[in-house]
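Reader: Hi! Could you walk me through this one? I'd like to begin with the sheet.

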Amino acid sequence: MWPSRKAHWSSYFSISPSAWAFILLTPLLLISIIAFDLGPHRSLVASFSWKSIGFLSSFEFNSSSNTHKDHENSNLVKVSDAIVFRGPAHSNLLRKEDDLSNAETRGFVNSGLHRRYSRLEKNEAVLAKARLSIREAAKNRSLAPSIVEHDSHYVPRGPIYRNPNAFHRSYIEMENVFKVYVYEEGEAPVFHGGPCRSIYSSEGRFIHEIEKGGRFRTKDPEDAHVYFMPFSVVAMVQYLYEPESFDITPIGTTLADYVQTISHKHPFWNRSLGADHFMLSCHDWGPHSSSYVPLMYNNSIRVLCNANTSEGFNPLKDVTLPEINLKTGEVTGLLGGPPAKERSILAFFAGGLHGHIRHLLLDQWEGRDADVRVYQKLPDNLSYETMLKNSKFCLCPSGYEVASPRVVEAVYAECVPVLISKSYVPPFSDVLNWKKFAVVIDVDDIGKIKEILSGISEAKYLKMQQRVKEVQRHFVVNPTPERFDLFHMILHSVWLRRLNLKLRRSV
């Protein structure tokens, strides 16, 4: 008779139960010690923080201030601890790498063990080095001759920039390392396209250009710093919204389904809870549509024309998208105008009664003053573009929402913009110092428009108008994108928000 299996194995191994327990538990103990030594950054789940790093600021205007006065050194609106692109006078506000550990500065964490670093850690190391490089550039009063010689295309200079050295270094770093992954899920026309000829053209043009590919787009999602969700809210309104229903639920549910799809198919949304993802929308309903996905609303980078801080726009993570009305899809004939001294009209506006700010403007100024030319409907014998180009100041009041295409129209026509809005963050205000080339008038001071604009000296106006011409390059839509133009400035704004974000592997 064969002995039992238990008796058989006992004849070879005479080991007590306590010894078996020791043998089984020892590997688990060793694994725990190693995991503790590696630290929380080695876990499979990533945490993130919008920890600002000292060289990006939000728009510093406050619409309640008397902006016809020169508040050169004011901090009227401030995102706490944001990346600040300030001039040399503010360099003492830049903190000395207090948010970068020595390990981050080197790019790697020394745990005492030799190990393979993840792609995420390597990407974060690259961004850490970029932060340090930009911070060092922000401290310098002048660019090194070698830098100017190397970048013969364009080197930012002058007061239109908060800190031209920091901006230039940031732009170069973006060109060298920034990678965007574009999700391929979704079908046209709601996804992967948008209008290129309309008031929403900036939405369609960006989606079109990023889809074409180029130096910034990567097909390897592991190589990306940000992930673009290429849906068009304008197209959703056209194809999913039932007219006069005032119900955008179908749009919101479509976004929710889309995020559910990419989060199940790819690991990247769940890894960062959407924080390194960005959407782009020029439609007024873009912000509200994003609220149907709370993680998108609260965490993701939202590039929005409707940049209203009173409605949840967060300059620390969100980006203002310029609203541009390209009727033909091109800027031909829109750029330039007569010299400043040949402009005979003090201020000009023409537009419908959209929102209470325009009601106030038209009630107080329409047809009442030859210097402040305000129209609800422009007479047939007058050209809108000609009026812009013959005006010193172009009034840019908000409509139903804070964004207005008149801001870019004024810049194109080399007319000094006059912003009349509440809670609006102007485009690219991280790097552009709008106080130097624009006027901001509080809504309560609409009746004082002529007094305020007439109080600006001729010398100051000439400087502002020249600066409008200098800043124009950043708003131009080129058939093929060129350095520092609108497409690249939008990308740079997203790049800055990604620098504000730190992803870590945590428990």
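Author: Happy to. In this predicted model, five strands make up an open sheet, in the order β2-β3-β4-β5-β6, with parallel pairing.

Reader: Nice. Which strands stand at the edges?

Author: β2 (180–182) and β6 do. Each has a single partner strand, so one side of each is left without a neighbour in the sheet.

Reader: And what packs on the sheet?

Author: Helix α18 does, touching β2, β3 (226–228), β4, β5 and β6. The direction of α18 makes about 155° with that of β5.

Reader: Let's stay with β5. How many bridges pair β4 with β5?

Author: Four, in the parallel sense, with β4 covering residues 277–281.

Reader: Are the faces of β5 covered or open?

Author: Both faces of β5 (residues 301–304) are covered. Ile301 and Val303 are buried on one side, and Arg302 and Leu304 are buried on the other.

Reader: What does the side chain of Asn500 reach?

Author: The backbone oxygen of Leu316, at 3.3 Å.

Reader: Changing topic: which residues of α13 are buried?

Author: In α13 (residues 356–365), the buried ones are Ile357, Arg358, Leu361, Leu362 and Trp365. They sit on the same side of α13, because they cover an arc of only 125° around the axis.

Reader: What do the buried residues of α13 pack against?

Author: Quite a list: β7 (345–350), β8 (372–375), β9 (391–397), α15 (406–412), β10 (416–420) and α16 (449–454). Just after α13, Gly367 takes a positive phi of about 65°.

Reader: You mentioned β10. What can you tell me about Leu419 there?

Author: Leu419 lies in strand β10 and counts as buried, at 4% relative accessibility. Beyond its neighbours within four places in sequence, Leu419 is in contact with Cys396, Val407, Pro426, Trp434, Val439, Val440 and Ile441.

Reader: How far apart are the C-alpha atoms of Leu419 and Val407?

Author: They are separated by 7.6 Å, and the two residues are 12 apart along the chain.

Reader: Last thing, confidence. What is the mean pLDDT of the chain?

Author: The mean is 82, and 74% of the residues reach 70 or more.

Reader: Where does pLDDT stay under 50?

Author: Residues 55–84 are one such stretch, and the model has 95 contacts for them beyond four places in sequence. Residues 86–114 are also below 50, with 60 contacts in the model beyond near neighbours in sequence.

Conventions
Residues are numbered from 1 along each chain as its sequence is written. This is a predicted model: local features need pLDDT of at least 70, side-chain atom pairs count only at pLDDT 80 or more; totals for chains, interfaces and linings use all residues. Side-chain values use heavy atoms; hydrogens and water are left out. Buried means under 20% relative accessible area, exposed over 50%, partly exposed in between (1.4 Å probe, protein chains only). Helices (H or I, at least four residues) and strands (E, at least two) are DSSP runs, numbered from the N terminus. Two strands pair if DSSP finds at least two bridges between them. The arc is that of the directions from the helix axis to the C-beta atoms. Contact means heavy atoms within 4.5 Å. pLDDT is the predictor's confidence in each residue, from 0 to 100. A polar contact is a pair of N or O atoms within 3.5 Å; within protein, one must be able to donate a hydrogen and the other to accept it, and residues adjacent in sequence count only if both atoms are side-chain atoms. Axes are lines fitted to C-alpha atoms, for helices over the stretch in contact, and angles run from 0 to 180 degrees between N-to-C directions.
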